[in-house]
Amino acid sequence: MSDPGGIPSATGAASGGDRAAPADRFDRGLVPPMVIGSILNPVNSSIIAVALVPIGAAFGAPPSRTAWLISALYLATALGQPVVGRLIDLFGPRRLFLISTSLVGLAGVAGTLAPDLATLVGARVLLGLGTCAGYPAAMSLLRGEARRTGHDSPNAVLTVLAAANQTVAVIGPPLGGLLIGVGGWRATFALNVPLAAAAWLLGAMRLPKRTGPRRTGTVSVVSQLDLPGVALFAAMLVTALLFLMDPRPAGWYLPVIAVAAGGAFALRELRASVPFIDLRVLAGNVPLLATYGRAVPAYVVSYCFLYGFTQWVEEGRGLTPSQTGLVQLPVFLTAIGVTTLTGRRSGVRGKLVAGAIAQLAACGLLLTLGAGSPVWLLLAVGLVSGIPQGLNSLALQNSVYHQADPERVGASSGLLRTFSYVGSMIASAATAAAFGDHAGTGGLHHLAWFMLGAGALFLLATLLDHGLRHVAPADASAGNGAGRRSGAQGRREHRGD
């Protein structure tokens with residue numbers, strides 16, 4: 001019998017998408033490519049944290065300039081995730097997965113050989129585009145397996161996916177410190193070459209060859225992609241994020257362009273027969289919109305801690321990159337423990353409330369730090385910050401999985417990442433503004449107050465959303481996925497579709 005709560009064995013699996021997995025059980029052979037594909041982005045998001053100072057020293061660039069190494073990746077990924085997610089919804093994950101992982105390998109080579117900061121920023125843009133497919137592909141595969149088996153995807157698989165992303169996000173700084181100690185900051189880019197090769201090989205061997213709807217003819221493909229909608233979405237997002245990265249009066253025209261492009265995008269999507277992002281469906285799904293909005297302040301705090309605290313430990317506290325990486329180990333250990341303990345529980349509201357409170361506690365601890373703070377206090381800060389690392393991303397991911405239209409789970413998952421990257425861009429701008437030319441203690445304290453405000457907003461948004469009580473338990477109770485299907489049908493009926 002199948003076990004909807006676990007990861008069943010898929011015996012007799014063959015490679016290249018020709019496996020004959022048991023009809024009523026999840027194919028666990030899909031888990032390795034799902035995991036390695038989805039971690040390519042968080043490993044590059046976090047490993048750069050300990051490399052910013054040595055890169056700045058190598059190119060004579062202050063924190064306000066090296067911040068572009070953070071922003072470039074997120075700008076590319078924030079745009080690329082929903083686009084690639086939509087392509088995955090249309091054509092299946094395999095092709096997009098293989099193309100994207102190839103780009104990651106090329107970006108790793110370009111970053112390793114970069115002669116200047118501008119080239120390095122370009123490599124980070126390529127990395128952002130290359131890491132776009134992993135997470136939407138994983139969520140699409142989960143939805144495809146649910147359709148194939150007649151069972152909702154097991155909570156254990158969602159937990160493994162979240163735990164892997166959390167593990168890599170928090171182990172990135174220690175790993176980066178080790179690599180820098182052995183081969184310098186260029187080794188943090190070179191790491192992408194073997195990772196991309198492994199992801200490509202696993203994807204080629206394991207991912208199904210045909211999972212998306214077949215399309216015939218160039219005209220059909222173009223109509224399904226809604227290229228005008230994609231272009232307007234890109235204009236809106238890029239101009240808005242460019243302003244967030246450097247919010248100065250001289251850049252007044254950027255939000256004006258963003259608003260104009262946003263209005264044109266809305267008109268286009270409401271009139272398009274096959275829209276890039278179905279705003280009518282999205283507008284009728286208030287719980288999903290609330291999840292997207294809640295993700296922004298959650299990730300503002302998370303990324304402010306990742307980049308701000310890490311830079312301060314190196315410059316303000318005076319530790320080496322290797323020592324700074326070790327200071328992050330409690331984050332890794334706590335996040336993994338919390339994710340493992342809570343992952344099999346379907347509810348999300350309790351996780352989000354606990355995560356928000358832990359974020360506020362960690363921000364408060366940052367205000368106690370100074371240039372002479374003992375190492376044990378730094379470790380304590382990391383220990384507390386690991387709690388929301390282990391709770392928030394897992395809960396937000398599960399919320400989208402249960403709230404999204406099953407036919408657009410790839411695009412919906414990509415949009416979650418887009419909103420999280422909006423949070424990361426705000427965090428990057430706030431960190432650069434707080435530190436200026438030096439990551440000192442005063443700047444850290446200013447950043448901590450900003451983080452407290454974002455954390456309070458996240459907690460308030462969670463407490464006021466009473467619908468979170470019913471996100472997963474009712475769905476999870478229907479082991480055959482009927483609860484999810486009826487929920488989606490109910491949303492369609494409510495909209496009058």
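Let's start with contacts, meaning heavy atoms within 4.5 Å. Among contacts in the protein chain between residues at least 6 apart in sequence, 84% join residues at least 24 apart. Before I go on: this is a predicted model, where local features need pLDDT of at least 70, side-chain atom pairs count only at pLDDT 80 or more, and totals for chains, interfaces and linings use all residues. Residues are numbered from 1 along each chain as its sequence is written, and side-chain values use heavy atoms, with hydrogens and water left out.

Okay, secondary structure. We've got 22 helices and 0 strands; those are DSSP runs numbered from the N terminus, H or I of at least four residues for helices, E of at least two for strands. Of the 497 residues, 58% count as buried. Buried is under 20% relative accessible area, exposed is over 50%, and partly exposed is in between, with a 1.4 Å probe and protein chains only.

Now the inside. A nonpolar core here is a set of buried Ala, Val, Leu, Ile, Met, Phe, Trp, Tyr and Cys residues joined through side-chain atoms within 4.5 Å. The largest one has 123 residues, and Ile48, Ile55, Leu142, Tyr307, Phe309 and Leu369 touch the most other members. Helix H14, residues 286-315, gives the most to this core, with 16 residues. Take Tyr307: leaving out residues up to four places away in sequence, it touches Ser45, Ile48, Ala49, Leu52, Ile70, Tyr74 and Thr431.

A salt bridge is a side-chain nitrogen of Lys or Arg within 4 Å of a carboxyl oxygen of Asp or Glu, and the count comes to 2. In one, Asp465 meets Arg294 at 3.1 Å, N to O. Arg294 sits in H14 and Asp465 in the loop between H20 (441-464) and H21 (473-476), 171 residues apart. Both Asp465 and Arg294 are buried.

In the other, Asp226 meets Arg268 at 2.7 Å, N to O. Asp226 lies in the loop between H10 (218-225) and H11, and Arg268 in H12 (residues 253-271), so the pair ties together parts 42 residues apart in sequence. Asp226 counts as buried because its relative accessibility is 1%, while Arg268, at 32%, counts as partly exposed.

Last stop, H11 itself, residues 227-245. How far should its 19 residues span at 1.5 Å a residue? The expected span is 1.5 Å times one less than the number of residues, so that's 27 Å, and the end C-alpha atoms are 27 Å apart, which agrees. Its buried residues include Gly229, Val230, Phe233 and Ala234.
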